[in-house]
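Here is a short report on one protein model. It starts from a single residue and then widens to the whole chain.

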Amino acid sequence: MNAPETVEGWQLWDLVTRLGGQFRTAGMGGAIGWDMTAALGLGDALSVPRYLIAEFLPDIEAAVIAVIRKKSKECTDD
């Protein structure tokens, strides 16, 4: 249902799945976002068009960080 429908969508999804460890952190505050320099470098290596990264990655990043924060809060509430 949520699978990418275009080659570009699959390229971007592949990039996102490879960014797992490329987070910026704020000390004990946890992850605050992806290292965009690393994301652009990895995207270049994978031949992902930069306009796709610039257009879509910030929104995907915000959604990922929201999920991480929610999961973290659930773990600390237990």
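Is Glu-61 buried or exposed? Glu-61 is buried, at a relative accessible area of 13%. Buried means under 20% relative accessible area, exposed over 50%, and partly exposed in between, with a 1.4 Å probe and protein chains only. Glu-61 sits in helix 3 (residues 50-77). Leaving aside residues up to four places away in sequence, Glu-61 touches Arg-24, Gly-33, Trp-34 and Met-36. A contact means heavy atoms within 4.5 Å.

The model is predicted: local features need pLDDT of at least 70, side-chain atom pairs count only at pLDDT 80 or more, and totals for chains, interfaces and linings use all residues. Numbering runs from 1 along each chain as its sequence is written, and side-chain values use heavy atoms, without hydrogens and water.

The protein has three helices and two strands. Their order along the sequence is α-β-β-α-α. Helices (H or I, at least four residues) and strands (E, at least two) are DSSP runs, numbered from the N terminus.

Helix 2 (residues 36-45) is capped at its N-terminal end by Asp-35. A side-chain oxygen of Asp-35 lies 3.0 Å from the backbone nitrogen of Thr-37. Just after helix 2, Ser-47 has a positive phi of about 60°.

Some totals for the protein follow.

| Property | Value |
|---|---|
| Box filled by C-alpha atoms, along the principal axes | roughly 40 × 30 × 15 Å |
| Buried share of the 78 residues | 19% |
| Share of contacts between residues at least 6 apart in sequence that join residues at least 24 apart | 53% |

How values were computed. Polar contact = N/O pair within 3.5 Å; in protein donor to acceptor, adjacent residues only side chain to side chain.
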